Amino acid sequence: MVLVRCWAVGIVVLVVSEYVQMTLVYGPLAGPEGVGSFDAALALVHLPNLVCVVLATWAAARVHPEPWREMPVRHLAAACAAPAAAQVLLLTLRPDVLDLAGPAFWMSTGVLLAGCAVGLLLDRLVWTS
């Protein structure tokens, strides 16, 4: 049940933060035609997604209690499962992103890895202080 609670918190934070990103950042600035350049995609999609993944990972890691926090694999599963599941869902629902030669797959994978790493680092910094 401990992992399920962490995953639930991660999912809720990810959904809420992605909704805020889509309504406040992407929707008004990109519009229905989407982004036209790599720079615009980086600024309007990938960097806000990075913030969402960091927040979801950090929130899930924060609710993961002792003594399981000190088990690295279990803590990693508790903190990063929600963003990883969201990535798998994205790849399933949007097969155009699955193109390994395209930048969208690599950028979203990089955002996932970097966001999980930063979220875990924030958790470790706050937990030890």
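Tutor: Let us begin with the word contact, which means that heavy atoms lie within 4.5 Å. Please keep in mind throughout that this is a predicted model.

Student: With what is glutamine 21 in contact, once its neighbours within four places in sequence are left aside?

Tutor: Glutamine 21, which lies in helix α1 (residues 2–30), is then in contact with Tyr26, Leu44, Val45, Pro48, Asn49 and Cys52.

Student: Why is glutamine 21 called buried?

Tutor: Buried means under 20% relative accessible area, and glutamine 21 has a relative accessibility of 6%, so glutamine 21 counts as buried.

Student: What makes the pairing of glutamine 21 with asparagine 49 a polar contact?

Tutor: A polar contact needs a pair of N or O atoms within 3.5 Å, one able to donate a hydrogen and the other to accept it. The side chains of glutamine 21 and asparagine 49 make such a contact at 3.4 Å, and therefore the distance meets the cut-off.

Student: How do you know that histidine 75 is buried, and where is histidine 75 placed?

Tutor: Histidine 75 belongs to helix α3, and its relative accessibility is 5%, which is under the limit of 20%, so the word buried applies. Its side chain is also joined to that of aspartate 123 by a polar contact of 3.0 Å. Apart from neighbours within four places in sequence, the residues in contact with histidine 75 are Ala61, His64, Trp68, Arg69, Leu120, Asp123 and Arg124.

Student: Which residues make up the largest nonpolar core, and what makes them a core?

Tutor: The eight residues are Val53, Ala61, Ala79, Cys80, Val111, Leu112, Cys116 and Leu120. They are called a nonpolar core because such a core is a set of buried residues of listed kinds, Ala, Val, Leu and Cys among them, joined through side-chain atoms within 4.5 Å. Two or more residues come from each of α2 (38–62), α3 (72–93) and α4 (103–128), and α4 gives the most, with four residues.

Student: How is the packing of two helices described, and which values belong to α2 and α3?

Tutor: Two packed helices are described by the angle between their axes and by the distance between those axes. For α2 and α3, the axes come within 8 Å and cross at roughly 145°, and the crossing is right-handed. In this contact, Val53, Ala56, Thr57, Ala60 and Ala61 of α2 meet His75, Ala78, Ala79, Cys80 and Pro83 of α3.

Student: What kinds of residues take part in the contact of α2 with α3?

Tutor: They divide into eight nonpolar, two polar and no charged residues.

Student: What makes alanine 101 exposed rather than buried?

Tutor: Exposed means over 50% relative accessible area, and alanine 101, found in the loop between α3 and α4, has 72%, so the word exposed applies. Glycine 102 is placed in the loop between α3 and α4 as well, but its relative accessibility is 13%, which is under 20%, and therefore glycine 102 counts as buried.

Student: Why is leucine 93 called exposed?

Tutor: Leucine 93, in helix α3, has a relative accessible area of 60%, which is over the cut-off of 50%, so leucine 93 is exposed.

Student: How do you know that the peptide bond from glutamate 66 to proline 67 is cis?

Tutor: Its omega is near 0°, and the bond is described as cis. Proline 67 is found in the loop between α2 and α3.

How values were computed:
Residues numbered from 1 in each chain as written. Predicted model: local features only at pLDDT ≥ 70, side-chain atom pairs only at ≥ 80, totals over all residues. Heavy atoms only, no water. Buried < 20%, exposed > 50% of the residue type's maximum accessible area, 1.4 Å probe, protein only. Axes fitted to C-alpha atoms, helices over the stretch in contact; angles between N-to-C directions. Left-handed = near helix turned anticlockwise from the far one by under 90°. Nonpolar A, V, L, I, M, F, W, Y, C, P; charged D, E, K, R; others polar.
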